[in-house]
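Please look over the sequence and the structure shown here before reading on. The paragraphs below go through the model step by step.

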Amino acid sequence: MKVALITGITGQDGSYLAEILLEKNYDVWGIIRRSSNFTTSRIEHLYNNESLFLKYGDLSDGSNILSILNEIKDKYKENLERLEVYNLAAMSHVKVSFEVPEYTGNIDGLGTLRLLESIRASGLKDKTRFYQASTSELYGKVQEVPQNENTPFYPRSPYGVAKLYGYWITVNYRESYGMYCCNGILFNHESERRGLTFVTRKITKGLSKILRNEQDKLVLGNLDAKRDWGHAKDFCYGMWLMLQQDEPEDFVLSTDENHTVREFVEKAFKLKNIEIIWKGSGINEIGYDKNTNRELIFISEQYYRPAEVDLLLGDSSKAREKLGWKIECDFDNLVKKMVEEDCK
Ligand code: NAP
Ligand code: G4F
């Protein structure tokens, strides 16, 4: 019996990963947080699948995580050949982490430890393969370009620092207890399901609202940051590949090309026949429609970060060679898919 447990199943990546695993006939268990509102819109289409089991839980609550693992152990007993645990739950917004640093440390750092300790306490250690959602934010103020598995880390936010703990505790449990633990060091990946406050989705959603006259302008922060942006579906497939190897290792997943936020804006608007021209600089910079002169893009310091990650560019050659991982959706197609979906 192939069984997987996904923390963060209601998130962008959790929803794609659940689809991939259900397609491969896994029993998929997912942890969802209690909320006063529905948070399950990304996985509602999977509800009828009898192999999907949803449990309430939170990475701040170790006893809850342990009881879910015990329930899995009791349900499958000796039929459980292998349990794959994908730790995707996190306070994943870099800017917000400066406002809730302690919470971010608790969930993104200690939450990883709680999960690993619960796996040990449940007695499932030897049957479990563990994936930790590590991030290119670990490279922060980058020490070399491009960044690979050997590039030194220099995180620039409470989020990055918390994820650094998650990274090392994952390595430590691999080395200390012989557990099958992998870090996926994933560069930015986006999609039609991306949260609305991340810059790519903010742009494509904003564009769609401007076209429908529901919003008159788009207000952004740093336009010159460079990111290595891919599609989440490709990256979630890579997570699964990492847990299918003979030996546990850490892998970078990236497209190996980068673009500025400014380029993303220009490309998205161009798809709707709006050519953006820029005037002014810094917080006074404005992007306007070349044909109509209508001012559409404005800058606000509100979206600047106390410390910025200026440039991320991955080198995923290890994953491409060892896992046979590849990118199906390139940058142009990513922007196109997101614009089309939001403009429907
Ligand atoms: P996301 O859309 O923000 O999803 C985060 C998930 O974590 C949501 O399901 C959220 O639940 C859940 N969560 C948050 N706090 C929790 C808590 N205290 N207990 C239990 N669950 C909690 O993030 P994503 O883009 O899918 O990313 C998945 C993971 O990969 C994250 O760990 C992120 O840091 C990491 N990562 C992402 C990228 C990227 O570019 N997307 C790159 C590298 C690494 P709610 O739905 O209730 O909020
Ligand atoms: O879309 P972002 O918020 O993503 P960021 O900070 O790169 O983090 C994402 O990717 C990480 C992997 O590298 C993940 F670990 C993390 O969980 C998350 O998924 O911002 C991208 C860039 C930044 O440089 C930011 O300063 O866009 C810039 N930006 C400019 N204007 C903006 C905005 N970011 C946001 N969120 N909102 C803006 O208005």
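How many residues surround ligand 2, and which are the closest? In this predicted model, 23 residues surround ligand 2, and the closest are T135, S136, Y159, R305 and E308. The shell around the ligand divides into nine nonpolar, eight polar and six charged residues.

Several contacts of the ligand can be followed atom by atom. An oxygen atom of ligand 2 lies 2.6 Å from an N or O atom in the side chain of S136, while a backbone N or O atom of S92 is 2.7 Å from an oxygen atom of ligand 2, and a backbone N or O atom of V199 is 2.9 Å from an oxygen atom of ligand 2. Taken alone, ligand 2 exposes 720 Å², of which the protein buries 96%.

Turning to the sheet, seven strands form an open, parallel arrangement in the order β3-β2-β1-β4-β5-β6-β11. Because β3 (52-56) and β11 (251-253) each have a single partner strand, they stand at the edges, and one side of each is left without a neighbour in the sheet. From one strand to the next, the twist averages 20°.

Definitions and conventions. Residues are numbered from 1 along each chain as its sequence is written. Chains are lettered from A and ligands numbered from 1 in the order in which they are written. This is a predicted model: local features need pLDDT of at least 70, side-chain atom pairs count only at pLDDT 80 or more; totals for chains, interfaces and linings use all residues. Side-chain values use heavy atoms; hydrogens and water are left out. Two strands pair if DSSP finds at least two bridges between them. Helices (H or I, at least four residues) and strands (E, at least two) are DSSP runs, numbered from the N terminus. Axes are lines fitted to C-alpha atoms, for helices over the stretch in contact, and angles run from 0 to 180 degrees between N-to-C directions. A residue is near a molecule or strand if one of its heavy atoms lies within 4 Å of it. A polar contact is a pair of N or O atoms within 3.5 Å; within protein, one must be able to donate a hydrogen and the other to accept it, and residues adjacent in sequence count only if both atoms are side-chain atoms. Accessible areas come from the Shrake-Rupley method with a 1.4 Å probe; for residues, only the protein chains shown count as cover. Ala, Val, Leu, Ile, Met, Phe, Trp, Tyr, Cys and Pro count as nonpolar, Asp, Glu, Lys and Arg as charged, and the others, Gly among them, as polar.
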